[in-house]
Amino acid sequence: MSNIRFDGQVVIVTGAGGGLGRSHALEFARRGAKVVVNDLGGTLDGSGGSSAAADAVVAEIIAAGGEAIADGASVTDDKGVAALIKRTMDKWGRIDVLVANAGILRDKSFAKMELSDFSVVVDVHLMGAVKPIKALWEIMRAQNYGRIVVTTSSTGLYGNFGQANYGAAKLSLVGLMNTLKIEGAKNNIHVNAISPVAATRMTDALMPPEMLAKLAPEHVTPGVVYLASQEAPNGAILTAGAGVFALAQIVETEGAYLGAGAQAEAVRDQWAQITDPAGAEAYPAGAGQTQKFLRKSGF
Ligand code: NAI
């Protein structure tokens, strides 16, 4: 099989001034892409900022013989995002790939969390993906080509103490993907999600050093590169870390038909059958669930 290459393609990676985004940006450039390295260069909780982090990654790419430009916009800033897309189009005339990777943390137990801790995290992760995607959606449609990778998290998929805001924000990206994968398909726009585990400043405080040593961001990047390639699937949630890759799926059990007049007691009494994992399915679209309901109820 041929190597995965991005020659002639333009790739935007948000939050690429450090951690996972930096690793993704370097690898896209090594595989021939022209790369836009976006990062507002703030602290882990999202405050502060300068384009120095993005500049440093661009310098690394150029030193290695690649092509890149830096962008210091916040992904939540409408004008900054519009300028990012315009600069990219002015310079290179197309946008093939967006990796929506920028993110922040405001960890606290839900009891102690302020609503502002919640809304700022949702804003950066969800709207910080929606805004660039919206700004380049028509460009990808007109090109009849696009690959978008959003960055979800095990916290969104499964939960983690102290991260109600982050988990809600991260799983919202899967919801976004699930509809965009359908709407983009006819224009060859594929939308996938990566669920990484990597030693970055985001995880430094969460794991002991020997564990962090196994989890270099470079072990996640091959998954992102594949999800952004011409051969990419559409609508996959790829989990990746420490050299392990797996598919996460939202599945629904076959369930039980309890009759049109079923009461709460019937749900209680049939719980084992309702939750029996045999025959569980991941539906390609929401209608799959409705069709099952109608089929099982004898429609
Ligand atoms: P990181 O903190 O090293 O990288 C995040 C980058 O996003 C930073 O460079 C930061 O300056 C930038 N950023 C933050 N807000 C921004 C904004 N408004 N506009 C532009 N850039 C902004 O952390 P890491 O670990 O590399 O995280 C990358 C992504 O992976 C995040 O979306 C994170 O939620 C996700 N993730 C990371 C995991 C891990 O194990 N490290 C686990 C699951 C998800």
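Reader: In β3, which residue is the bridge partner of V35?

Author: A68 is the bridge partner of V35 in β3. Strand β2 (residues 34–38) and β3 pair in the parallel sense, over five bridges. Two strands pair if DSSP finds at least two bridges between them. Strands here are DSSP runs (E, at least two residues), helices are runs of H or I with at least four, and both are numbered from the N terminus.

Reader: Before we go on, what kind of model is this?

Author: This is a predicted model, where local features need pLDDT of at least 70, side-chain atom pairs count only at pLDDT 80 or more, and totals for chains, interfaces and linings use all residues. Residues are numbered from 1 along each chain as its sequence is written, and side-chain values use heavy atoms, with hydrogens and water left out.

Reader: Back to the sheet. What is the strand order?

Author: The order is β3-β2-β1-β4-β5-β6-β7-β8. That makes eight strands in an open sheet with mixed pairing.

Reader: Which strands are at the edges?

Author: β3 (67–71) and β8 (244–248) are the edge strands. Each of them pairs on one side only. Neighbouring strands are turned by 20° against each other on average, direction ignored. Those axes are lines fitted to C-alpha atoms, for helices over the stretch in contact, and angles run from 0 to 180 degrees between N-to-C directions.

Reader: Are the β4 side chains buried or exposed?

Author: Buried, for V97, L98, V99 and A100. V97 and V99 point one way from β4 (residues 97–100), and L98 and A100 point the other way. Buried means under 20% relative accessible area, exposed over 50%, and partly exposed in between (1.4 Å probe, protein chains only).

Reader: New topic. How many aromatic pairs are there?

Author: Two, from a search of the whole structure. In one, the ring centres of F6 and F28 are 5.0 Å apart and the planes are at 85°, so the pair is edge-to-face. Rings of Phe, Tyr and Trp (its six-membered ring) pair if their centres lie within 6.5 Å; planes under 30 degrees apart count as stacked, over 60 as edge-to-face and the rest as tilted.

Reader: Where do F6 and F28 lie?

Author: F6 lies in the segment before β1 (10–13), and F28 in helix α1 (residues 19–30). The pair therefore ties together parts that are 22 residues apart in sequence. F6 and F28 are buried.

Reader: Which residues make the other pair?

Author: F110 and F118, with ring centres 6.4 Å apart and planes at 80°, so this pair is edge-to-face. F110 is exposed, with a relative accessible area of 59%. F118 counts as partly exposed, at 22%.

Reader: Last one, α4. Where is the kink centred?

Author: On L136, with a kink of about 40°. The bend at a residue is the angle between axes fitted to the seven residues ending there and the seven starting there. Just after α4, N144 takes a positive phi of about 60°.
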